[in-house]
Amino acid sequence: MQVVRGIAELRDVLSGSKTTSLVPTMGNLHEGHLSLVRSARSHGGPVVASIFVNRLQFAPHEDFDSYPRTFERDCELLRGAGCDLVFAPGERDLYPEPQGYKVHPPAELGDILEGEFRAGFFIGVCTVVLKLFNAVQPRVAVFGKKDFQQLMVIRAMVRQLALPVEIVAGETERAPDGLALSSRNGYLSPAERADAVELSRSLAGLRDAVLAGERDLPRLEAAAAAGLCARGWQPDYLTVRRCHDLLAPLASQIDQGAALVVLGAAKLGTTRLIDNLEFSQPLQPQVA
């Protein structure tokens, strides 16, 4: 497995490959990342994993400086998962001058949910992903479903800019108790880690209420958030949305079997966690 820092060297190493697969990461890897690498491996061609903590997607009050950097361990994990090349640029490699040109996703997709609570986040994400695509020139790029809105934003960017990249979604990997794997789980104290699964349980309860026929989504969402608040969490949102555009579904759309997703983001102590669950209302058989 090679480690490459500069874009020119990367392009030289990958020259002539038309089947490269890319897994973009910020490092501090866990089994969720490795499952994406294995998915990329199944598409053939060289597998590139990028490791870059992207300053553009962090707000001034967020954890850019303290975000865990575990490069040597990450490389060992990637080697074991079948990665062929690690692209690990420094900031001067990827941003040799101030990044004046940035990708702004449409407000109706990029300024809701995560975009509402992390202003500018998806501008930073889209800008660095487009730059990684230009550097690696992959045929396939694999992103995890745990960052569901990010996956939707990247897919829309690829579609609207006619980028020659197939976006593949990897399923969310979970701990045995149901907690979605995340690099930020390492910030949790033992007591917080024990309670962290309550986010996924709250989302499951919200989903189950909809599947049971309840349609007052604002009431259900408020009740789910209140349940977390009562345990000491600070929820940003717990909500039911349509998968294809992340807008709130009408009751008739739920009944017609629309693909839905419950999404949540909440702070436990100082750690902000996100999660989601996809589902749809089974259609009732027609009475003859």
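Start by selecting cysteine 229: at 43% relative accessibility, this residue counts as partly exposed, a class that runs between buried (under 20% relative accessible area) and exposed (over 50%), using a 1.4 Å probe and protein chains only. A word on what you have open: this is a predicted model, where local features need pLDDT of at least 70, side-chain atom pairs count only at pLDDT 80 or more, and totals for chains, interfaces and linings use all residues. Residues are numbered from 1 along each chain as its sequence is written, and side-chain values use heavy atoms, with hydrogens and water left out.

Stay with the cysteines and pick cysteine 75. That one is buried, with a relative accessible area of 5%. Which cysteine sulfur is closest to the sulfur of cysteine 75? Cysteine 83 has it, 8.4 Å away, and that is too far for a bond. Searching the whole structure turns up zero disulfides, taking a disulfide as a pair of cysteine sulfur atoms within 2.5 Å.

Now zoom out. The protein has twelve helices and nine strands, counted as DSSP runs (H or I of at least four residues for helices, E of at least two for strands) and numbered from the N terminus. Along the principal axes, the C-alpha atoms fill a box of roughly 60 × 50 × 40 Å. Of the 288 residues, 52% count as buried. Look at contacts (heavy atoms within 4.5 Å) between residues at least 6 apart in sequence, and 72% of them join residues at least 24 apart.

Next stop: arginine 193, in helix α9 (residues 190-195). Its relative accessible area is 27%, so arginine 193 is partly exposed. Show its neighbours: leaving out residues up to four places away in sequence, arginine 193 touches Ala175, Asp177, Leu179 and Leu188. Draw a line from its C-alpha to that of leucine 179, 14 residues apart along the chain, and you get 9.0 Å.

Last, go to the second largest pocket, with about 260 Å³ of space. Of its 17 lining residues, select Ser17, Phe133, Val136, Gln137 and Pro138, the closest to the centre. A pocket here is an open set of points on a 1 Å grid over the protein atoms alone, where a 1.4 Å probe fits, with protein on both sides within 12 Å along at least five of seven lines; lining residues have an atom within 4 Å of a point. Colour helix α7 (residues 121-136) too: with four residues, this helix gives the most to the lining.

Methods
Points joined across faces, edges and corners; volume = space filled by probe spheres on them.
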